[in-house]
Amino acid sequence: MDAAASSPLGWLCAGATRLFGVTMARRSPLHRAKVLLCSLLPALLCVATLGAGQGLGVFVAMCLLCSVCLGDRDLLPVGDRAVLITGLWGVVNNAGILGFPADGELLPMSTYRHCMEVNFFGAVEVSKTFLPLLRKSQGRLVNMSSMAGGIPLPRYAAYGASKAALSMFSGVMRQELSKWGIKVMAIHPSGFRTGIEGTAEQWDRQEKELMENLPADTRQAYGEEYLLGLRDYLLHLPSHCAPDLSPVLGSVLHALLARRPQGLYTPGKGAYAPLCIFCCFPLWFYDFFISKVLSAGSVPRQLRTSGDEGKNL
């Protein structure tokens, strides 16, 4: 046994044993000392009984057999520990629509209903469907909201209201599901180039629906120039959005894999500062700040007329 242990194959066997033990310790939910002991004893037994050469061969075969048997039991690293996946670990509600960005007075009720149906009710239904599985795994629920769901932004009355409902739902679920060991996170990204604004065909349909549902006096007050400028806002929207989605993906991964995930993520440039101003400053200051940051664009015809009359007086 001493000769076998001092031979090159013996040292190789000992090294392979240590490597196998460390690997299993990183992958197994069992206590590390137990895993190292369980892997060391069979290797020593093989070497002592069969010699260094044959013992190493049998031990490697045992390692391969264990790898095949445990191959379908993937382990998800969470911080500095490992979690054995036995069911569903995480649900990410990412589906969403923007609608046609316009003043809340101009939007037809169908736009409000459609945004709520997809952005809010859809996420609630998916969450309720999979919560029984998340309870078993004590997993994660991640809801993709928006910075428009945390702060009021002009032209996003329908979209922002639906995302605000999703953010509030996430907060309540975070409190209620904590007793089950489920962690719930909401993500409020800033503008990213995801294609959520839709296609030209969708714009045509939404613009036509908006125009057809406008009362005559409302259309007269805003004017054709202002109404046609709404489409220009959509055309220029992607140029103000970041093309790199890695901050959002990083937030999703952290929410799913971190040992202590944050309850709220604000990835992207300009996502956190407006939220702080909205929460910490008077509303008049926030409204003034947003009016300066976001370009107002054209002015409704009735306001232009009133301004011109005031100047003439």
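This is a predicted model: local features need pLDDT of at least 70, side-chain atom pairs count only at pLDDT 80 or more; totals for chains, interfaces and linings use all residues.

Residues are numbered from 1 along each chain as its sequence is written, and side-chain values use heavy atoms, with hydrogens and water left out.

Let me turn to the helices, which are DSSP runs of H or I of at least four residues, numbered from the N terminus, strands being E runs of at least two. How do the axes of H4 and H5 cross? The axes of H4 (residues 109-137) and H5 (residues 157-177) come within 7 Å and cross at roughly 20°; these axes are lines fitted to C-alpha atoms over the stretch in contact, with angles from 0 to 180 degrees between N-to-C directions. H4 is therefore roughly parallel to H5, a term for angles under 35 degrees. The contact, meaning heavy atoms within 4.5 Å, includes Cys115, Phe120 and Leu131 of H4 and Tyr159, Leu166 and Phe169 of H5.

Now the backbone. Most residues other than glycine have a negative phi. Gln138, in the loop between H4 and strand E4 (140-144), has a positive phi near 50°. Arg155, in the loop between E4 and H5, also has a positive phi, of about 75°. Which of these is buried? Arg155 is buried, at a relative accessible area of 15%, whereas Gln138 is partly exposed, at 47%; buried means under 20%, exposed over 50%, and partly exposed in between, with a 1.4 Å probe and protein chains only.

Notes: Angles under 35 degrees count as roughly parallel, over 145 as roughly antiparallel, 65 to 115 as roughly perpendicular and the rest as oblique.
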